[in-house]
Structure formats: structure tokens, C-alpha cells
Amino acid sequence: MFLRFTAVVVLFASPAAAQETPAPEPAAASADAAPASASAMGSARKAAERRFTGADLFDLSIASDPQISADGRRIAYVRRQNDIMTDRAVSSIWLIDTATGEETPLGAAEGATFSPRWSPDGKRLAYVSTAGGSAQLWVRWMNGGEAVRLTGLPTSPSSLEWSPDGRSIAYTMLVKDDGPSFGSAPRNKPEGAKWADPLEVHDMLAYKADGEGIVEPGFEKIFVIPASGGSPRQLTFGPYHDGGPLSWSRDGRTLYFGANRKPDWEKDPVESEIYALDIAGGPVTALTGRNGPDANPIVSPDGGKIAYLGFDDKLRAYENTQLYVMNRDGSGQRSLTANWDYSVDAVQWAADGKSLYAQYDDHGETYVARIGLDGSVRKVASGLSGGGLDRPYTGGSFSVSDGGAIAFTGGTATRPAEVQLERAGSTRILTDLNRSLREVKSLGEVRKITVASSHDGKTIEGWLTLPPGYREGQRVPLILEIHGGPFAAYGDHFSTDNQLYAAAGYAVLSSNPRGSTSYGAAFANEIDKAYPGNDYFDLISIVDRAVELGVADPDALFVTGGSGGGVLTSWIVGKTDKFKAAVAQKPVINWTTQALTADGPGFFGPYWLGAEPWEKPDLFWSRSPLSLVGNVKTPTLVIVGAEDYRTPVSESEQYYTALRLRGVPTALIKVPGASHGGIAARPSQSAAKASAILAWFEKYRKGWTPPAAP
């Protein structure tokens with residue numbers, strides 16, 4: 001993810017929060033049919049393939065965005081299922097009866113469906129559907145099963161929020177605007193002539209965004225529409241983005257939201273305030289005013305308080321996101337988690353208004369805690385998962401009924417996220433989305449290991465994925481797989497990349513070096529203005545630990561990682577020759593070019609390095625892996641999405657060219673059409689990328705000897 005709410009910019013695409021709305025997706029080849037899978041195509045084999053293969057990626061499904069009704073009787077969730085015919089994940093909404101576990105699809109023939117949100121009385125469900133070709137807001141009456149499309153919008157609605165009386169739905173939407181125009185072609189174009197496209201003119205600081213490409217001129221604005229149908233009404237205006245999530249006052253007269261409405265908003269990607277919007281057309285009033293992000297407002301059940309998330313901006317690379325409450329007029333602002341060394345990812349009020357439910361990460365695992373207005377903390381749900389499929393990131397989402405039942409997505413290292421229900425201290429798994437795969441495939445066991453860093457003795461955690469059928473005492477080749485971010489965390493979660501590597505006979509080590517989240521703010525900020533740096537010693541130490549445990553073959557060590565992991569991969573091979581081969585995926589190798597060409601130009605310099613490139617050029621160069629390329633002797637493959645705007649393609653091209661000029665074995669792979677966050681989004685490309693990495697490692701399994709100098 002790049003500019004997530006906490007305003008901590010990370011290099012990788014992070015898991016979506018519970019309130020986020022995915023971008024519209026193409027519908028399956030046939031809207032009336034379930035997405036096709038690899039196993040459905042049949043096979044001439046005499047026996048089932050027990051190894052996990054790239055073809056199995058088409059058979060995977062994952063649960064997300066579980067929304068439990070207020071009475072706790074039903075859960076609407078989004079099932080993302082890979083489709084072999086379109087080579088994409090297709091989203092559909094399913095309903096679960098929490099008493100019986102029975103599942104029923106909602107709008108199965110309506111294209112992609114997502115963002116389910118219950119009406120306050122639980123009798124209707126709002127959602128977004130691409131039925132008809134574009135993403136629109138729909139409402140389904142649950143008793144009769146009838147669904148009505150409410151909108152005909154030019155861009156996708158997001159941040160859906162019902163009014164307390166159920167009569168209106170607020171949402172946000174991009175309102176397109178005319179871009180700048182300078183110059184024009186001659187006017188004497190002959191009829192039928194084919195001239196070049198018009199000039200492309202940009203005047204925004206960040207005019208491109210990963211996963212979106214060139215940003216269309218316009219601003220995110222807030223709208224409201226009658227829940228029974230009618231014309232939407234735009235509520236906010238002006239040259240800045242007014243984003244969600246949204247929250248209504250209990251009398252339905254005010255909407256609360258977070259935004260940066262200051263004149264210099266482009267240059268300050270961290271800043272935002274909580275605003276109160278008069279629905280009747282009155283003023284927009286700022287309720288907060290400190291230097292730092294304030295966002296995600298949620299009104300208490302009695303309407304008297306507003307909870308929100310934020311932190312004081314100290315120009316550090318990382319801050320824990322704190323949970324605050326204030327009175328509805330903005331007075332009495334205080335943090336409930338100032339002395340709690342975890343970052344809050346999502347919150348929901350308890351029905352009694354005396355506490356809030358909060359999602360957070362701790363040592364690579366994700367939990368839900370109940371935080372009282374007095375600051376007391378009690379863990380109420382564990383095992384959340386759903387940070388993605390390709391790598392074992394923390395993540396997941398949850399919602400809570402009025403009675404305190406918690407619906408959440410949770411899984412294990414060998415099971416992608418399912419819908420689970422925690423009620424009265426007991427947890428049930430309600431779905432089994434990958435049963436056929438689990439019953440056939442032998443997956444690698446995952447074990448946790450720890451080590452004291454050789455740098456300063458800090459405890460570093462990691463998880464070893466072993467080859468299926470691994471025998472104790474057997475030494476196997478090891479892949480060090482480094483997470484992105486760098487402000488993120490791995491844990492005991494499912495990963496297609498790791499299982500594919502394990503199926504090929506490798507042990508895979510996923511570690512959380514300093515800079516990783518879920519270990520407190522001080523641990524994360526060990527790399528503030530010093531990245532990459534001492535995290536190198538953490539990674540080498542835990543690799544040595546895997547060797548010491550008798551698992552890793554010291555003569556068959558390999559390294560790879562994406563984004564922040566690509567940074568560290570290219571840094572590592574500039575520091576040591578202990579790895580037989582490396583694959584740097586979507587790396588940053590030159591902080592000067594990264595800071596000035598990536599899609600977050602207002603962030604990288606000031607927050608990660610403490611200056612702009614022209615102010616401290618020596619600092620930027622000293623932290624750039626390119627500065628070490630003269631030391632590299634390790635065969636290093638470079639992989640990047642062809643439409644990567646987070647760590648731009650030029651970063652990978654620079655590294656590839658430098659390695660070629662030095663005579664180090666290398667190749668450059670571009671994933672067609674792939675963004676930074678979407679490099680593994682299409683199953684065929686995810687499988688092909690993992691296959692290419694394995695092929696590179698196999699090619700240099702026995703190492704490489706540079707040719708003798710002439």
C-alpha cells in the first residue's frame with residue numbers, strides 16, 4: 001500500500017482495511033456461471049498431483065469484508081475466487097446464517113459484487129455491483145430478495161454508509177474535472193486524417209498512482225442518495241479530496257469525514273482533519289487541528305462522542321496509529337491508546353458505547369481487542385488473516401453485532417482466510433472455501449524460529465516453510481524471502497509463493513527484521529532515516545539460525561523479496577556473497593530517482609531520509625543499493641511490473657543495466673500490465689513469476705564463477 005490512512009507510506013501493496021472498497025473488476029466470462037477452475041478442466045493423470053503447483057492458484061478462494069447484521073443472525077461477506085477463463089479474481093457476495101452455517105449467494109448473475117453494508121434494521125443490504133458493465137450502488141430487500149440499482153454513476157462509489165433512519169445512503173465518488181491545457185495542434189486537420197494524440201499536460205504534484213496509472217483530473221467528493229431510489233446530491237465541493245470512511249450523526253443531520261482541505265495538501269500527504277458536514281447545505285467545520293492525520297471518524301451509539309484514528313506527525317518514517325475519542329463538537333480530545341504500543345488498524349463502537357473494538361497486529365499475528373473509554377484493553381478475537389494470497393502478510397477484517405458477536409476473516413499457514421465467528425468466548429469457522437484443494441494437496445509445514453541479531457542482540461522472529469514430507473535432520477536449500485513495506489509484517493499466514501517454493505524442495509524463511517511492524521514503534525523506527533541498514537544483520541542472523549537448526553544447507557542459500565524486500569535483496573548482494581543467487585523484485589536501488597519519480601513525491605524524501613535529494617545528495621546515495629553494485633558477484637534476476645508507479649520500472653532498469661555493465665549474470669523480467677500492488681493479482685502471472693524465480697535459482701544452484709580477467 002502507499003498512502004494508507006495512517007499516512008505511513010509503504011512500498012508494497014498492503015491488505016485492504018475493513019472499510020475499503022476494491023476497484024471494479026471485470027465480470028467472469030459468463031455472469032451466470034461460477035468462475036472456472038483448473039481442476040474443473042480435467043486431467044489425463046492417473047492420480048492426483050499432491051504437490052502444490054502454479055495451476056492450483058486458479059482453484060483458490062479467499063474471504064474478505066465480513067459484515068455481520070446488528071442482530072447477529074446473518075453475515076454478508078465477499079468471496080474472491082480466481083477464474084481460469086479471465087485470469088482474474090472475481091468478487092461475489094455470499095450470506096451466511098450464523099445459526100446453521102448455511103450459505104447463499106447474493107446477486108450471482110450480477111457481475112462482480114462487493115462492499116456489502118447492512119441497513120440499520122437489517123432488512124436491506126447495500127452493495128456495489130458491476131452488473132451492466134460499470135460499478136453502481138445497489139440495494140437488496142432481504143425478505144423478498146428484490147434488488148434495485150440506485151445509481152448510474154460515471155465512476156465507482158465507495159465508503160457506503162447508511163443514515164441512522166435507513167432513509168439515505170452516503171458515499172464518496174471521484175468527480176472528474178477538466179485538466180490543464182496548453183497549446184494545440186493546427187486547426188486545418190483534413191477530414192479523415194489520422195493525427196497524433198493531443199499533448200498530455202499535467203500540473204498535479206502526484207499525477208500518477210500505482211494501480212491507476214495517470215490520474216484523471218478530479219477530486220473525491222461526498223454524495224447522498226435516497227435509499228429507495230432518486231437523484232444523488234453532491235454535498236462537498238472544492239479542489240481537495242474528501243474521503244471516507246463516513247459516519248452519520250444520530251439525528252441524521254451531519255456527516256463526519258477525514259480530509260486534508262488545506263491549500264498545500266499536495267505537499268503534505270500525511271495531514272488530515274476530522275470535518276463535520278451539515279447535510280442541509282451548511283458549513284463544513286473542522287473538529288481537529290493538530291499536525292498529523294486525523295481520520296476514520298465513528299459516531300458513538302448515543303451520538304455524544306466521536307472515535308477516530310491518528311497520530312502526531314513527527315516526520316518519522318513510522319508512527320503507531322492511535323485511537324482517540326472526542327465530544328461531537330470536537331472538544332475533549334484524548335487518546336485511549338497513548339500507552340499501548342500497538343497500531344490500531346480498524347475500529348467499531350460496542351453497542352453500549354462504553355468501549356470500542358480495535359484490530360491490531362502483535363508479533364506477526366492479528367487480533368481484535370476491546371478498548372474501554374478508560375484505556376483498559378482486553379483481547380477478544382485472534383487468528384485474523386487475509387493480507388493476501390501470494391505472501392504471508394498480516395491482515396484481515398472484522399465487524400461486530402449489537403450483541404458482541406465478532407465476524408472476522410481468519411486462516412492459518414496452510415489455509416487461506418475463511419469467515420469465522422467469535423461469540424461468548426467460542427470461535428467457529430463458518431466457511432470452507434478451499435476444501436477440495438486441502439483434501440488433495442500436501443502443503444509445507446510452517447515453524448516459527450527466533451534469533452538474537454548479531455548487531456545488538458534484538459530478538460528477530462521468522463517462519464520456516466518446510467518442503468512437504470520434510471524429514472527431521474534433512475538439510476535442504478533455503479530461500480530467504482523478505483517482506484515489503486518495509487513497515488509491514490509477516491506471520492503464520494498462508495502464502496502461495498512460499499508453498500510453491502516449498503513444493504520445489506526449498507525451505508522458505510519469512511522474517512521480520514527491525515523496521516517491521518507489530519513489535520512496537522521503537523522497533524519499527526530502528527530504520528528511520530537509516531534504511532536499508534542494520535536490518536541486514538537481522539536477516540543474515542536468522543539465515544544463520546536456520547543453518548544452525550540443521551534445516552538450511554549452508555551451500556545452497558538463495559534470497560528474494562519484493563518492494564522493500566527488493567531493496568534489501570539488492571543491498572544484501574552488495575554486502576555478501578553467501579547466497580548462490582538472488583531475485584530482486586520491484587526494488588528501489590536509487591533513492592534520488594525514487595523520490596522524484598514514484599507516486600508519492602511528497603513523502604519519501606522528508607519522511608524516510610529527512611531531506612530532499614538536492615539537500616543531502618550524499619545521504620541519498622549512501623542508502624541506495626546502487627552504491628554497492630560494484631561489489632555484487634551474485635547472479636541477480638530483476639523483476640518488475642511493467643506499469644509499476646510505486647517503485648518505478650526505471651529503478652529495476654537501472655539495476656539491470658548496472659549488473660550487465662559489470663558482467664554479473666542477470667536478466668530483466670517485466671510483468672505485462674502489472675502495477676506494483678498488482679504484480680501477483682492475475683493467477684497466471686503470479687504462477688509464472690514464482691516459476692521464473694525457481695528457474696533462476698536452479699540455474700545457479702551450484703554457483704557461478706566469474707570469468708578470468710583478460
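User: Is Ser518 buried or exposed?
Analyst: Ser518 is buried, at a relative accessible area of 7%. Buried means under 20% relative accessible area, exposed over 50%, and partly exposed in between, with a 1.4 Å probe and protein chains only. This is a predicted model, in which local features need pLDDT of at least 70, side-chain atom pairs count only at pLDDT 80 or more, and totals for chains, interfaces and linings use all residues. Residues are numbered from 1 along each chain as its sequence is written, and side-chain values use heavy atoms, with hydrogens and water left out.

User: Where is Ser518, and what is it in contact with?
Analyst: Ser518 sits in the loop between β34 and α3 (521-524). Helices (H or I, at least four residues) and strands (E, at least two) are DSSP runs, numbered from the N terminus. With neighbours within four places in sequence left aside, Ser518 is in contact with Tyr342, Asp361, Asp362, His363, Gly364 and Ala489. Contact means heavy atoms within 4.5 Å.

User: Which backbone atom lies 3.0 Å from a polar atom of the Ser518 side chain?
Analyst: That atom is the backbone nitrogen of Gly364.

User: Turning to α4, what is its end-to-end distance?
Analyst: The end C-alpha atoms of α4 (residues 535-548) are 20 Å apart, which agrees with the 20 Å that its 14 residues should span at 1.5 Å a residue. The expected span is 1.5 Å times one less than the number of residues.

User: How many of its residues are buried?
Analyst: Ten of the 14 residues of α4 are buried, so the helix is largely enclosed by the rest of the structure. Among them are Leu539, Ile540, Ile542 and Val543.

User: What covers them?
Analyst: The cover includes the strands β31 (446-452), β32 (459-465), β33 (476-482), β34 (507-512) and β35 (552-562), together with α5 (564-573).

User: How do α4 and α5 pack?
Analyst: Their axes are 11 Å apart and meet at an angle of about 80°. Axes are lines fitted to C-alpha atoms, for helices over the stretch in contact, and angles run from 0 to 180 degrees between N-to-C directions. The two helices are therefore roughly perpendicular to each other. Angles under 35 degrees count as roughly parallel, over 145 as roughly antiparallel, 65 to 115 as roughly perpendicular and the rest as oblique.

User: Which residues meet there?
Analyst: Asp535, Tyr536 and Leu539 of α4 meet Leu568, Trp571 and Ile572 of α5. The residues of this contact comprise five nonpolar, no polar and one charged. Ala, Val, Leu, Ile, Met, Phe, Trp, Tyr, Cys and Pro count as nonpolar, Asp, Glu, Lys and Arg as charged, and the others, Gly among them, as polar.

User: Now the backbone. Which peptide bonds are cis?
Analyst: The bond from Gly244 to Pro245 is cis, with omega near 0°, and so is the bond from Gly485 to Pro486, also with omega near 0°. Pro245 belongs to strand β15 (residues 242-248), whereas Pro486 lies in the loop between β33 and α2 (496-503).

User: What is phi at Asp87 and Leu315?
Analyst: Phi of Asp87 is near 60°, a positive value in a residue other than glycine, and phi of Leu315 is near 60° as well. Most residues other than glycine have a negative phi.

User: Buried or exposed, those two?
Analyst: Asp87 is buried at 13% relative accessibility, while Leu315 is partly exposed at 45%.

How values were computed. Polar contact = N/O pair within 3.5 Å; in protein donor to acceptor, adjacent residues only side chain to side chain.
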